[in-house]
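Please find below a colleague's note on the structure shown here. Comments are set out as numbered points.

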Amino acid sequence: MTPNKLIKKGSNFLKKNKIKSYIIDTELLISSVSGKSREKFLLNSNLKMNQTQIRSFNNLIIRRALRKEPIAYLTNKKEFWSMNFNVCKDVLIPRPETEILVEKVVRLFKDRNPFILDIGTGSGCIIISLLQELKSSKGVALDISSKALKVAMKNSNIYNTSKRIKFVNASISNFDSFKFDLIVSNPPYIARHQLKNLDIGIKKFEPKLALDGGNDGLDVMRKVIYKSRKILKNNGMLAIEIGNGQYRKVSQILKLNKFKEKFLIHDYKDNIRCILSVLNHY
Ligand SMILES: C[S@@+](CC[C@H](N)C(=O)[O-])C[C@H]1O[C@@H](n2cnc3c(N)ncnc32)[C@H](O)[C@@H]1O
């Protein structure tokens, strides 16, 4: 069967099983099993695939259609900040919303060399993207999950930032070693009772440790803010990503911990998604 026919058959099967992104998903899967870019397939209908590749492709289509496995876990890749991050079920799949935080921080710090802490680094997408842009910066990538940290290390090797990142496997509550110019964090922020309402692909496959923010979704957020107060240098900045509708509560926690909000960043749906604040010593 030619790749074109395979794409047609695969995408029809996904469509029948109510996968909205059936065309792009099929193209990503065929590209993943063949090791050739999507563009190559689209431009050249004569490309050949061997029997093993066809079997793998069919298998992935079935996992996507019937088990609703996220495409990023099937291809083990997710694009973020124009880089291709390795991902697996041990890390959250990087989200486009988080690029908004990276963009703002890069703009603010582009002529400086901040010493950065990334709390809950997951795949390492935030700190690796920041260090790609801020070439003389160094940082610490912290995660309570040792499996996630392994993925972050692999990504940082690929993107040549491993000499500038120290990886620490600990909870933020037990971390006190350094003082930082900039702390970034996208902590787990889904309220526990809402986990059951998430899309099936998220609740079934993404790590609970990366999603579950406790009773009101803010358990880890509180720890991040409380600890940041202690380990930020004077004039240091805390940049956090928050969930929908959490602004008022997080703002109160920041105020209680002597932070002064400097920037609020809205996402593509106009929700307040990131808060950047500084310690207010006065
Ligand atoms: C929402 S994910 C964010 C991953 C990545 N930074 C991103 O933006 O895609 C949150 C991460 O925080 C980690 N985490 C959860 N509780 C933590 C804690 N108490 N201390 C440090 N890391 C924690 C999880 O293991 C997970 O990797």
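This is a predicted model: local features need pLDDT of at least 70, side-chain atom pairs count only at pLDDT 80 or more; totals for chains, interfaces and linings use all residues.

1. The domain assignment divides the protein into domain 1, covering residues 3–67, and domain 2, covering residues 78–279. Taken over C-alpha atoms, the centres of domain 1 and domain 2 are separated by 33 Å.

2. Two packed helices are described by the angle between their axes and the distance between the axes. For helix H11 (residues 219–231) and helix H12 (residues 247–256), the angle is about 30 degrees and the axes are 9 Å apart. Angles under 35 degrees count as roughly parallel, and H11 and H12 are therefore roughly parallel to each other. The crossing in which H11 passes H12 is right-handed.

3. On the side of H11, the contact with H12 is made by Met 221, Arg 222 and Ile 225; on the side of H12, Val 250, Ile 253 and Leu 254 take part. By class, the residues of this contact comprise five nonpolar, no polar and one charged.

4. The ligand is surrounded by 24 residues, of which the closest are Gly 120, Gly 122, Ser 145, Asn 186 and Ala 210. The elements contributing two or more residues to this shell are helix H7 (125–133), strand E4 (138–143), helix H10 (208–211) and H11.

5. As to its composition, the shell around the ligand has 14 nonpolar residues, eight polar residues and two charged residues.

Conventions: Residues are numbered from 1 along each chain as its sequence is written. Domain bounds come from an automatic or database domain assignment. Axes are lines fitted to C-alpha atoms, for helices over the stretch in contact, and angles run from 0 to 180 degrees between N-to-C directions. Helices (H or I, at least four residues) and strands (E, at least two) are DSSP runs, numbered from the N terminus. Angles under 35 degrees count as roughly parallel, over 145 as roughly antiparallel, 65 to 115 as roughly perpendicular and the rest as oblique. A crossing is left-handed if the near helix is turned anticlockwise from the far one by less than a right angle, and right-handed if clockwise. Two residues are in contact if their C-beta atoms, placed from the backbone, lie within 7 Å. Ala, Val, Leu, Ile, Met, Phe, Trp, Tyr, Cys and Pro count as nonpolar, Asp, Glu, Lys and Arg as charged, and the others, Gly among them, as polar. A residue is near a molecule or strand if its C-beta atom, placed from the backbone, lies within 6 Å of it.
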